[in-house]
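I opened this notebook to record what I looked up, one topic at a time.

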Amino acid sequence: MYPIDTQDGLFHDGNGINELGTVLPASWLNQVQTELIAILAAAGIKPEKATQNQVITAIKMLIASSTPAAATADVAGVTKIIDTLNSNDKLSALSARQGKALNDSKLDKDGTAKTADTASRLKTVRKINGVPFDGSMDINVTPVGAVHYFAIDWAPTGWLKANGAAISRATYANLFAALGTRFGAGDGKTTFNLPDLRGEFLRCWDDGRNVDSGRSFGSWQTGTPICHDDTAGKEVFNIVGMCKEARNYGDDWIGNWPEGYWTSPYGGANSTYWNGFFTMTRPRNVTLLACIKV
C-alpha cells in the first residue's frame, strides 16, 4: 500500500497556527478500502457495515486454509512425522519418541529392537576359521589348551610358555577347566601346573591303538637306548633293557645301562657308553618355544 503523500510519509495533526494537519485525499482512503475489501473477498466474506471484525476473521480463515507445499528431496516444505520404525517413506521424519527408542537400544538384523547390551551384531553372519560369528560375542578361533611353537623367546598375548609353571586356577579358569590337574595340581587349592615341554620331543597319544599301550594321556616317558658296534657292522636294539644283535648273535646281551635312561626327566644320559658300543641317537632338530593357549 502506498504511504500518505507527505515529506516524511507520516500523518500530522498540525498546530492550527503555522502548520496544517495532513489532508487525507480520497485516493489514499480509497486505496485503504480497496486493500481491506480484497482481504474479505479472498476469504469469501461479504462486507457488512454492522460487523466490526470482518478483516481479522478473514485473515484467520486465510491462514487456516493455506496448506504449505509438501517437502521433497530438493524443496523445503511440510514434512510428515511418523512414529514407526518399519516405514519405507523416504520423505517422512521420525518422531522424537522413536528417536529415543533408537538411542536407548540397538536394532537386530531382523529390525527388532533389542537391549543395548545384547544387540550389537552383524546383519549377515560370517565365519572365522569355520566358526560362525555375528559380532554378539567374542570368539577364539584357537581353542584353549592348544599348543603352538613360536620362533620367538617370549609368549605372545593370549599364550603362556609351556614350562610347567603353577598358575592361578581363577585367573586362567578356562584353561584349568580344560587341563585340570593332569600336568600337576599346583598347591592343590589355588593353582595348577602347565605342561612342561622344555627340551622334550612330543609323541602322539596312543588313544587305544596299542602301539604305545599303557600310556596315560599327558604322561612322560623315558628314552630308549640303541646299541651298535660301528667296527663290526652289527646293529643291536634295546629290548626291555637288553641289547640283541640283529644278525650275527642269537643270545641276549645285557650291558651296564647308563643310569640317566631310567631316572626322572632331565636325568642326563651320557651320549656314548662303553667305547662307542652303546649310543643314544636323536634326529637333527631346531629349538622353538612351545606355548599353550589360555
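This is a predicted model: local features need pLDDT of at least 70, side-chain atom pairs count only at pLDDT 80 or more; totals for chains, interfaces and linings use all residues.

Residues are numbered from 1 along each chain as its sequence is written, and side-chain values use heavy atoms, with hydrogens and water left out.

**Entry on the sheet.** I looked up the strands (DSSP runs of E, at least two residues, numbered from the N terminus) and their pairing, for which DSSP must find at least two bridges between two strands. Three strands form an open sheet in the order 7-17-8, with antiparallel pairing. Strand 7 (147–150) and strand 8 (159–161) each have a single partner strand and stand at the edges, so one side of each lacks a neighbour in the sheet. Strand 7 pairs with strand 17 (residues 289–293) over four bridges, and Val147 stands opposite Ile292 of strand 17.

**Entry on the helices.** I then turned to helices (DSSP runs of H or I, at least four residues). The axes of helix 1 (residues 26–42) and helix 2 (residues 54–65) come within 8 Å and cross at roughly 45°; axes are lines fitted to C-alpha atoms over the stretch in contact, and angles between N-to-C directions run from 0 to 180 degrees. I listed the contact (heavy atoms within 4.5 Å) as made by Leu36, Ile39, Leu40 and Ala42 of helix 1 with Gln54, Val55, Ala58, Ile59 and Leu62 of helix 2.
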